[in-house]
Amino acid sequence: MTAIKHALQRDIFTPNDERLLGIVNVCKAGKKKKNCFLCATVTTERPVQVKVVKVKKSDKGDFYKRQQTWELRDLTVVDAKDASKENPEFDLHFEKVYRWLASSTAEKNSFISCIWKLNQRYLRKKLEFVNVNSQLLEELPKAEESVPSGESQSVAGGDEDALDDYQELSTREEQDIESMMETCEYAISNAEAFAEKLFKELQVLDGANIQSIMASEKQVNILMQLLDEALTEVDTIEGKLSSYEEMLQSVKDQMDQISQSNRLIQISNTNNNKLLDEIQFLVNYMDLSKGHIRALQEGDLTSPKGIEACINASEALLQCMSVALRPGHEKLMAVRQQQLLFAELRDTFARRLTNHLNNVFVHQGHDQSSTLPQHAAELTLPKHSPLHRDLLRYAKLMEWLKNTHREKYEGLSRTYVDYMSRLYEREIKDFFEVAKIKMAGTSKEAKGKFGKSPAVKHTSVMELNLSVFDACLSNWLQPRFRGKRVHSNRKRKFEFFWLCSRCVFHAVSGLHGSSGKLTGSTSSLNKLTVQGSNSRRSQSSSLLDMGNMSASDLDVADRTKFDKIFEQVLSELEPLCLAEQDFISKFFKLQQHQTVMPPLAQPETEELDGSMPSRIPPQADQRYALSSEKDTVRLMMNKIFQSIEPELNSLIALGDKIDSFHSLYMLVKMSHHVWTAENVDPASFLSTTLGNVLVTVKRNFDKCISGQIRQMEEVKISKKSKVGILPFVTGFEEFAELAETIFRNAERRGDLDKAYVKLIRAVFTNVEKVANESQKTPRDVVMMENFHHIFSTLSRLKISCLDAERREAKHKYTDHLQSYVINSLGQPLEKLNHFFEGVEARVAQGVREEEVSYQLAFNKQELRKVIKEYPGKEVKKGLDNLYRKVDKHLCEEESLLQVVWHSTQDEFIRQYKHFEGLIGRCYPGSGITMEFTIQDMLEYFSSIAQSH
């Protein structure tokens with residue numbers, strides 16, 4: 001192995017300035033054995049680079065070649081496979097794992113040890129050695145001493161020692177060696193003699209050194225003496241330090257005792273302070289003053305001072321009961337007694353407060369001081385602000401009750417809703433009765449002022465009196481028949497008495513057989529039938545009726561008064577609902593968003609004997625949780641004002657029954673109020689209720705539009721008189737004028753635009769239908785006059801959504817005007833027209849124009865004969881007849897006679913020029929001309945127009 005090492009150093013590594021420090025004979029594990037050498041080398045130049053080189057012997061000779069090289073810094077793991085047993089296998093982990101099988105375990109161990117030392121000396125990197133004996137990583141293995149020097153010896157012995165002791169010569173040392181060798185002539189030729197000489201010189205130097213040491217013995221003795229004296233002083237100082245240490249230890253023991261005493265005193269003080277804090281905590285937070293106890297037990301709940309004292313006492317009690325006790329407090333007897341006292345005070349005060357507020361609610365519910373007759377003249381609702389102001393004094397107490405006694409709080413909520421719903425039901429019902437009386441009175445007055453006979457006027461007045469009698473009778477009867485729940489027999493008696501009273505009124509008033517009908521309910525105004533045989537307008541004002549009305553100013557005033565009444569109703573309801581909702585939120589403390597069990601979730605059942613209603617137990621499944629307190633407020637409002645929506649629908653039905661055009665006013669007003677309510681709170685009771693009523697109003701509006709269209713389709717015209725402007729055309733004009741006035745700056749303009757489109761298409765369709773069915777008036781005249789009127793109306797009103805229909809109306813008017821003029825001109829020059837039509841037919845069949853005169857029926861003689869039949873006097877007579885005919889066809893409302901006559905003149909001149917042209921082309925050189933000129937025709941037309 002030594003010879004191989006020297007050969008490798010000489011042939012491979014020396015030319016590359018490298019020194020070989022470790023070598024092992026290996027082959028790849030698990031494959032066919034092909035021996036090679038792994039060599040650990042370092043470079044001779046700095047910085048030193050450490051490498052692992054794989055060297056292989058050439059197959060064709062005895063020289064070696066470098067096959068692969070790895071940097072030692074790229075090596076990550078060295079795995080020796082087994083640290084306890086001899087195993088020649090090992091792995092080197094570079095960029096991949098290389099598995100090797102060494103020729104012997106000693107060579108493997110020597111090579112691994114060499115790798116470890118090279119890493120420690122030059123790299124100092126974290127290289128992992130796995131399954132390697134720890135002795136190999138400390139010193140050179142001893143096993144190599146037993147290895148024969150000629151076989152498996154590695155460089156781990158002498159070379160590793162040389163690696164540790166090796167130090168390169170400096171330049172100065174090299175020069176000294178060279179000068180020394182130059183002084184000896186045989187330094188190179190006889191190395192042994194040179195070494196012997198150097199040895200002798202070294203011995204001489206050693207002797208000189210010994211003599212020099214012996215000469216300095218005296219100084220050494222003096223030094224030793226000084227050292228002895230220093231040791232003596234050190235012993236003295238150590239003794240003093242020991243005595244000081246004993247004194248300090250005594251002081252330390254005393255200080256420890258004092259510290260222990262102080263610590264015990266501090267612990268005692270801390271415990272006393274904590275005990276004092278606990279006592280003060282209980283006294284401060286678990287003690288209720290005598291004044292508060294007296295207020296809770298006997299406090300006056302009617303006076304402001306008493307209420308204020310009760311509020312302070314209840315807050316103090318709640319604070320005492322809500323205090324967070326510390327661990328162990330609940331085991332104290334005093335704490336338990338205080339808790340029992342607080343619970344008793346809470347129950348006592350909650351019972352007192354509940355009874356008092358129940359009495360307030362019941363008294364207000366039965367209070368008859370706020371009745372509608374006081375407000376009937378102004379059509380206003382009673383204000384409940386005094387009640388709200390009085391009750392809001394108890395708001396903090398209600399919040400206390402809500403936090404301490406949920407069941408009593410919910411019971412009070414149900415009681416308030418129950419009694420207030422009865423009060424509001426009476427007031428709202430009376431309010432709407434007065435509104436209906438005023439609304440019906442408006443309709444009756446309008447009918448009475450416009451051309452009614454005395455009998456009809458008397459009937460309307462008596463019907464109005466009957467409506468007033470109904471309202472008064474209702475106000476008188478209800479308190480006498482009202483109980484906590486109306487018994488079925490009592491209800492039947494109430495209805496029977498009502499009907500009998502109305503019969504007596506009919507008998508006294510002499511209204512038997514009139515148009516008013518008897519009803520057996522308090523809402524009789526909804527069923528009043530207002531009829532008049534001689535009336536120009538029925539209750540459901542249609543477009544046809546509007547076209548025939550001559551009292552439009554009276555109708556506008558009537559509708560304006562209705563609009564004011566309806567607006568007054570909404571204006572009264574809106575603040576009433578908002579004030580009540582605001583009061584409920586403040587009084588019942590429902591502004592917070594949290595889950596609340598609604599007090600209205602328990603349905604009521606009526607007893608057949610008229611006793612108090614029984615309620616379903618709270619444990620039943622009828623109760624359900626609402627997601628927020630806003631839902632609770634809305635549910636309470638629905639219960640309290642459950643009569644508003646039916647009464648509003650009833651009022652709307654009455655208004656629609658009086659005049660279907662009232663739906664326009666109601667749609668605009670209701671939309672505005674819904675929009676205002678949604679801006680305040682989209683989920684409020686007022687917004688929801690008005691939204692539901694708005695749906696009804698919108699349906700009535702759609703029904704009104706559908707009714708107008710249906711009546712258009714059912715229109716019948718007289719066969720004996722001329723048509724003129726159709727009633728529904730003028731009706732649409734008045735409808736549009738009214739709608740534009742009502743819907744100016746309205747939120748629901750889109751609904752009106754849709755209605756406009758439906759109506760105008762129906763008008764177009766039915767105008768054409770009537771024109772086709774007309775027998776007295778020509779179709780073109782009906783179309784021309786009505787579409788001219790429609791075009792004029794749309795141009796004047798400037799309705800943007802009907803621009804396309806306006807252009808279409810103009811187009812139809814122009815087309816039918818031209819058609820009527822052309823058809824009418826065949827009358828005065830009929831034979832002349834037929835003659836030239838035949839000429840044009842021959843030309844169309846292929847006869848040349850200059851050859852037409854050779855046709856037997858169209859020769860020059862025939863032409864002269866036809867022209868002689870139409871002298872100027874005859875033409876003027878024919879035109880005069882034509883003027884009378886046109887005047888007979890046209891109506892006076894549109895004033896289209898001169899327009900048609902001017903168009904007829906233009907068409908007549910055009911035909912004259914056309915005939916002259918045919919004569920010039922088909923009868924050239926004949927000298928045949930008409931017996932009248934264009935100037936003559938202009939004079940004829942002018943004189944005829946002036947004469948009429």
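The tour below moves through helices, a helix pair, salt bridges and one serine.

This is a predicted model, in which local features need pLDDT of at least 70 and side-chain atom pairs count only at pLDDT 80 or more, while totals for chains, interfaces and linings use all residues. Residues are numbered from 1 along each chain as its sequence is written, and side-chain values use heavy atoms, with hydrogens and water left out.

**Stop 1: helix H2**

Select residues 105-123, which form helix H2. Helices here are DSSP runs (H or I, at least four residues), numbered from the N terminus. H2 has 19 residues and spans 26 Å from its first C-alpha to its last, close to the 27 Å expected at 1.5 Å a residue; the expected span is 1.5 Å times one less than the number of residues.

**Stop 2: helix H21**

Next, pick residues 727-742 for helix H21, whose 16 residues reach 22 Å, close to the expected 22 Å. Is H21 mostly covered or mostly uncovered? It is mostly covered, with 12 of its 16 residues buried. Buried means under 20% relative accessible area, exposed over 50%, and partly exposed in between (1.4 Å probe, protein chains only). Among the buried residues of H21 are Phe728, Phe732, Phe735 and Leu738.

**Stop 3: H20 against H22**

Show helix H20 (residues 685-713) together with helix H22 (residues 749-773). Their axes lie 9 Å apart and pack at an angle of about 10 degrees; axes are lines fitted to C-alpha atoms, for helices over the stretch in contact, and angles run from 0 to 180 degrees between N-to-C directions. H20 and H22 are therefore roughly parallel, a label for angles under 35 degrees. Contact means heavy atoms within 4.5 Å. Residues making the contact include Phe701, Ile705 and Met712 of H20, and Leu752, Leu759 and Val763 of H22. By class, the contact has nine nonpolar, two polar and five charged residues.

**Stop 4: salt bridges**

How many salt bridges are there? The count comes to 27, where a salt bridge is a side-chain nitrogen of Lys or Arg within 4 Å of a carboxyl oxygen of Asp or Glu.

- Select Glu808 and Arg761: their closest N and O atoms are 2.9 Å apart. Glu808 is in helix H24 (residues 803-824) and Arg761 in helix H22, 47 residues apart. Glu808 is partly exposed at 26%, and Arg761 is also partly exposed, at 33%.
- Select Glu768 and Lys812: the closest N and O atoms are 3.0 Å apart. Glu768 lies in H22 and Lys812 in H24, so the pair ties together parts that are 44 residues apart in sequence. Glu768 is partly exposed at 25%, whereas Lys812 is buried at 17%.
- Select Glu572 and Lys383: here the closest N and O atoms are 3.8 Å apart. Glu572 sits in helix H16 (residues 552-587) and Lys383 in the loop between helices H9 and H10, 189 residues apart. Glu572 is buried at 10%, while Lys383 is exposed at 55%.

**Stop 5: Ser671**

Finish on Ser671 in helix H19 (residues 662-680). Its relative accessible area is 5%, so Ser671 counts as buried. Leaving aside neighbours within four places in sequence, which residues does Ser671 contact? They are Leu694, Glu747 and Arg748.

Definitions and conventions: Helix = DSSP H or I, 4+ residues; strand = E, 2+ residues; numbered from the N terminus. Parallel < 35°, antiparallel > 145°, perpendicular 65-115°, else oblique. Nonpolar A, V, L, I, M, F, W, Y, C, P; charged D, E, K, R; others polar.
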